[in-house]
Structures are given as C-alpha cells and as structure tokens.
Amino acid sequence: PTEVAAAYAVGVESRKTPTTIALTRQATAKYPESSFEGAKKGGYVLTDNTPEGETPDMILMGTGSELPLCYDAAETVRESGKNVRVVSLPCWEK
C-alpha cells in the first residue's frame, strides 16, 4: 500500500542506481499511521507508546508482509505495560 507507492516513486526518481521492488501475494494490512514520506526515507516509526524522552522496552522492525506480525505483537506486549516501538523498514539502503 503506502510503502509500495513510496518505493515506486523512489524507483522512478532514481536515475543512477537500479531499483528492485519485491511484492507479496499475501493480503497486507493498511495502517492509518503509514507514512509515504517516511517510507521514501527508507523507514519510519509506525507506532510508539513510549513516553517522550524515555527509551522503549522493545523495538520491533518489519518489512512488507511481516509488518502486521510486529504490529500485533506490539499490541500484545503493550498489554503487559511495556513500551514498544514498531518501525516499518521497507528499505535498508536509504
């Protein structure tokens, strides 16, 4: 969804390097917190319940179809009172 659109935009804008976009046939979730600009930078914080100035107890990073696993795991861990940051990282090279 958002990450695919951002990857396509980066690929079209990139004139000096090759671009590969790997897609899945699995159904993927759409999150209102998704960020087109964040995905164009290579990654962004999707959700974070950590109070400002504190360090999260856990950081979960996901790409593509694995992101829903991180999102759901974070919700489960948060129920125990932990602070969890979920990062969408569609590109490791940006």
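The model is predicted: local features need pLDDT of at least 70, side-chain atom pairs count only at pLDDT 80 or more, and totals for chains, interfaces and linings use all residues. Residues are numbered from 1 along each chain as its sequence is written, and side-chain values use heavy atoms, with hydrogens and water left out.

The protein chain has 3 helices and 3 strands. Helices (H or I, at least four residues) and strands (E, at least two) are DSSP runs, numbered from the N terminus. Read from the N terminus, the order of elements is α-α-β-β-α-β. The C-alpha trace spans about 45 × 30 × 20 Å along its principal axes. Contacts, meaning heavy atoms within 4.5 Å, were then examined along the chain. Of those between residues at least 6 apart in sequence, 74% join residues at least 24 apart.

The surface was considered next. Accessible areas come from the Shrake-Rupley method with a 1.4 Å probe; for residues, only the protein chains shown count as cover. The protein chain has an accessible surface of about 6,600 Å². Carbon and sulfur atoms account for 53% of this surface. A residue is buried under 20% relative accessible area, exposed over 50%, and partly exposed in between (1.4 Å probe, protein chains only). Of the 94 residues, 30% count as buried.

A nonpolar patch on the surface is formed by V4, Y8, V12, I21 and L23. Together these residues have about 480 Å² of accessible area. Patches are made of residues with over 30% relative accessible area and no salt bridge; like charges are joined within 9 Å, and nonpolar side chains (Val, Leu, Ile, Met, Phe, Trp, Tyr) within 5 Å. One member, L23, lies in the loop between α1 (2–13) and α2 (36–40). L23 is exposed, because its relative accessible area is 64%. P32 is also found in the loop between α1 and α2. P32 has a relative accessible area of 78%, so P32 counts as exposed. P32 and T2 are 30 residues apart in sequence. Their C-alpha atoms are 9.8 Å apart in space.

Lys and Arg count as positive and Asp and Glu as negative, while His and the chain ends are not counted. The place of a charge is taken as NZ of Lys, CZ of Arg, CG of Asp or CD of Glu. The protein chain has 10 positive and 13 negative charges. Their mean positions are 10 Å apart.

The structure holds 3 salt bridges. A salt bridge is a side-chain nitrogen of Lys or Arg within 4 Å of a carboxyl oxygen of Asp or Glu. One of them pairs E13 with K40, with the closest N and O atoms 3.2 Å apart. This pair links distant parts of the chain: E13 is in helix α1 and K40 in helix α2, 27 residues apart. E13 is exposed, at 52% relative accessibility.

Another salt bridge joins the side chains of D48 and R85, at 2.6 Å from N to O. D48 lies in strand β1 (residues 44–48) and R85 in strand β3 (residues 84–88), so the pair ties together parts that are 37 residues apart in sequence. D48 is partly exposed, with a relative accessible area of 32%. R85 is partly exposed too, with a value of 23%.

R78 and E75 also form a salt bridge, their closest N and O atoms being 2.9 Å apart. Both lie in helix α3 (residues 67–78); because they are 3 residues apart, about one helical turn separates them. R78 counts as buried at 16% relative accessibility, whereas E75 is partly exposed at 37%.

Y71 lies in helix α3. Y71 has a relative accessible area of 17%, so Y71 counts as buried. Not counting residues up to four places away in sequence, Y71 touches Y31, E33, L46, T47 and V86. N83 lies in the loop between α3 and β3. N83 is buried, with a relative accessible area of 14%. Leaving aside neighbours within four places in sequence, N83 is in contact with N49, T50, P51, E54, P56, D57 and M58. Y71 and N83 are 12 residues apart along the chain. Their C-alpha atoms are separated by 13 Å.
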